[in-house]
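Thanks for making the time this morning. I would like to walk through a few local features of one model, and I will bring it up on the screen now.

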Amino acid sequence: MPGLLLGDEAPNFQADTTHGPIRFHEFLGDAWGILFSHPRDFTPVCTTELGRAAKLAPEFAKRNIKMIALSIDDVKDHLAWSKDINAYNGDEPTDKLPFPIIADSNRDLAVQLGMLDPDERDKDGIPLTARVVFVFGPDKKLKLSILYPATTGRNFDEILRVVDSLQLTAAKKVATPVDWKPGNQVMVIPSLPDEEAKKLFPGGVCTKELPSGKKYLRYTPQP
């Protein structure tokens, strides 16, 4: 099945959305982008996810991230479903969300991007769209791919956390360790010599002693 791998450039597809027609690269502009797909409209898990995404829209905006969703129904259904999503959030049930939803009635885009879940099918036996998260950098290349099955809802707090890591590590010569959160210590990348690391990180570099004698666990305050 076609799909995207890390480092691949996003296809510059055209699509109808709840915010009007778009061309993907122009929609992203110079921003980061997050594309998240859904099995279909008026389904329970998807409604909770899009509700959470709407609530977190200001957080994504702070990070210069354009959000866009995809579901296999048409724009008319997306707009009607948006009212339910806003009502679920306890807001006025309008058809406006802070991000567009792509219409993909024929699953053409879902197939092109490798988003189908072969184990979950609709009443006609056609595979549903899985819960994919694609994060694109300003260069339009794929920086992160997370693939959930249709039956498992996403953790948007984790998506925000990993975006913070992606943006930090794209700008600085560091990596983020297990369970890292913004403000925690980070790790100096292995390819950076000690002397250069001392110059780059004035907060200091702490090396953990290990039985192997190899000094690869180097920590520094988040730059």
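Predicted model: local features only at pLDDT ≥ 70, side-chain atom pairs only at ≥ 80, totals over all residues.

Residues are numbered from 1 along each chain as its sequence is written, and side-chain values use heavy atoms, with hydrogens and water left out.

Helix α2, residues 44–55, packs against helix α4, residues 75–88, at an angle of about 70°, their axes being 9 Å apart; helices here are DSSP runs of H or I with at least four residues, and strands are runs of E with at least two. The axes are lines fitted to C-alpha atoms over the stretch in contact, with angles running from 0 to 180 degrees between N-to-C directions. That angle makes α2 roughly perpendicular to α4, a label covering 65 to 115 degrees. On the α2 side the contact (heavy atoms within 4.5 Å) is made by C46, T47, T48, L50 and G51, and on the α4 side by W81, I85 and Y88.

Also in helix α2 is R52, which counts as partly exposed at 34% relative accessibility, that is, between the buried limit of under 20% and the exposed limit of over 50%, with a 1.4 Å probe and protein chains only. Leaving aside residues up to four places away in sequence, R52 touches N89, F156 and D157.

Finally, four strands form an open sheet in the order β10-β11-β13-β12, with antiparallel pairing, where pairing requires that DSSP find at least two bridges. Strands β10 and β12 stand at the edges with a single partner each, so one side of each is left without a neighbour in the sheet.

Methods. Parallel < 35°, antiparallel > 145°, perpendicular 65-115°, else oblique.
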